[in-house]
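Thanks for coming. I have one structure to show today, and I will take it piece by piece. Please have a look at it first.

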Amino acid sequence: MTSTHSTTRRNKRVGGALAAALCALALTACGTEAAGGGVTAGAAMAAKPTATPTPTEARPDPMDDPALTLEDQQAAVAFMALVTEVAAPCEEDAEDLPTVPPSLPPQRPVPGPDEPGAPRPRPVVSEVPVPVEDLPAPADTAWNFDRVRQEVELGEVEKCAALRHGSRIAKALDGSGDPTAAHVEKALGAIGYNLTYRLHGPVEADGKVEFTLDLRGGELCLDGTYDGTRTTFDPYGVHPAVYCTDVKRRG
């Protein structure tokens, strides 16, 4: 069972990302005008994420690109709405789970002040404030790529969401055609997984097609492989400061 803290944190992330995208849509001046008067997308939108060996700072969020076009913003809102919609039944199931035991053991009566076992009175504490020294700053606050690229443990809600995403994709892909990158990309786009910076690949390898989807409203990324007959999946958690393809998998 996922904790209330984990679920709340995920809800805030998903809600914050969706709200930011909706706010972006309200802007009247979107994008940057090129020399010919057209609007050009920023570098983060123009190419799929390419992992560098050792980045010196957190990966930029494509939603922060000031050169996003209105179409880019609408596509981002639609993608986040899809992520939220797929995970919604998982959130509801988690909320329905009991947070306390259904029955508690019988409690002992508290003894009176003159009976054996009575609690001792608390000592009187002076109300005079005592100066407290400032705590030292955390020892490791610098950017550390090796630390943030470690695989993150997924909560129960995101494990459930991974199964639901996998089911949608398998329904669209399984037995639908030859394992080519073009076919897989078209099939994924048809069911909403069409943001360039959220899809790494697809690439053809050994008669199969491999791809990675960034489904983060929380930490969820999903590796997929299609062989022309069936699709297999491997979900894992990723820190928001790196790409899904940066992560160092366990074992």
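I will go through the overall layout, then the disulfides, an aromatic pair, one arginine and some salt bridges.

First, the ground rules. This is a predicted model, in which local features need pLDDT of at least 70 and side-chain atom pairs count only at pLDDT 80 or more, while totals for chains, interfaces and linings use all residues. Residues are numbered from 1 along each chain as its sequence is written, and side-chain values use heavy atoms, with hydrogens and water left out.

Now the layout. The protein has six helices and six strands. Helices here are DSSP runs of H or I with at least four residues, strands are runs of E with at least two, and both are numbered from the N terminus. Starting at the N terminus, the order is α-β-β-α-α-α-α-α-β-β-β-β.

How much of the protein is buried? Of its 251 residues, 32% count as buried. Buried means under 20% relative accessible area, exposed means over 50%, and partly exposed is in between, with a 1.4 Å probe and protein chains only. The accessible surface comes to about 16,000 Å², and 56% of that belongs to carbon and sulfur atoms. Those areas come from the Shrake-Rupley method with a 1.4 Å probe; for residues, only the protein chains shown count as cover.

One more overall number. Take the contacts with a separation of 6 or more: residues 24 or more positions apart account for 64% of them. Contact means heavy atoms within 4.5 Å.

On to the disulfides. A disulfide is a covalent bond between the sulfur atoms of two cysteines. In the model, it is called when two cysteine sulfur atoms lie within 2.5 Å. By this rule there are two disulfides. The sulfur atoms of Cys-90 and Cys-160 are 2.0 Å apart. This pair links distant parts of the chain, with Cys-90 in helix 3 (residues 70-96) and Cys-160 in helix 5 (residues 156-173), 70 residues apart. The link of Cys-90 and Cys-160 is left-handed, with -75 degrees about the S-S bond. Cys-90 is buried at 3% relative accessibility, whereas Cys-160 is partly exposed at 24%.

In the other disulfide, Cys-221 and Cys-244 have their sulfur atoms 1.9 Å apart. Cys-221 lies in strand 5 (residues 220-226) and Cys-244 in the segment after strand 6 (231-237), so the pair ties together parts that are 23 residues apart in sequence. The torsion about the S-S bond of Cys-221 and Cys-244 is about -65 degrees, so this disulfide is left-handed. Cys-221 is buried at 0% relative accessibility, and Cys-244 is buried at 6%. With the bonded cysteines numbered in sequence order, the pairing reads 1-2, 3-4.

Next, aromatic rings. Rings of Phe, Tyr and Trp (its six-membered ring) pair if their centres lie within 6.5 Å; planes under 30 degrees apart count as stacked, over 60 as edge-to-face, and the rest as tilted. That rule gives one aromatic pair. Why is the pair of Phe-79 and Tyr-193 called edge-to-face? The ring centres of Phe-79 and Tyr-193 are 6.4 Å apart and the planes are at 75 degrees, so the pair is edge-to-face. Phe-79 is in helix 3 and Tyr-193 in the loop between helix 6 and strand 3, 114 residues apart. Phe-79 is buried, at 1%, and Tyr-193 is buried, at 1%.

That loop also holds Arg-198, between helix 6 (181-190) and strand 3 (199-205). Arg-198 is buried, with a relative accessible area of 12%. Leaving aside neighbours within four places in sequence, Arg-198 has contacts that include Phe-79, Asp-214 and Arg-216.

Last, salt bridges. Side chains of opposite charge can pair when their charged atoms come close. Here a salt bridge is a side-chain nitrogen of Lys or Arg within 4 Å of a carboxyl oxygen of Asp or Glu. The structure holds nine salt bridges. One of them joins Asp-214 and Arg-216 at 2.9 Å, N to O, and both of these residues are buried.

Lys-159, found in helix 5, forms a salt bridge with Glu-153, the closest N and O atoms being 3.7 Å apart. Lys-159 is partly exposed, at 34% relative accessibility.

That is the tour. Any questions, please ask.
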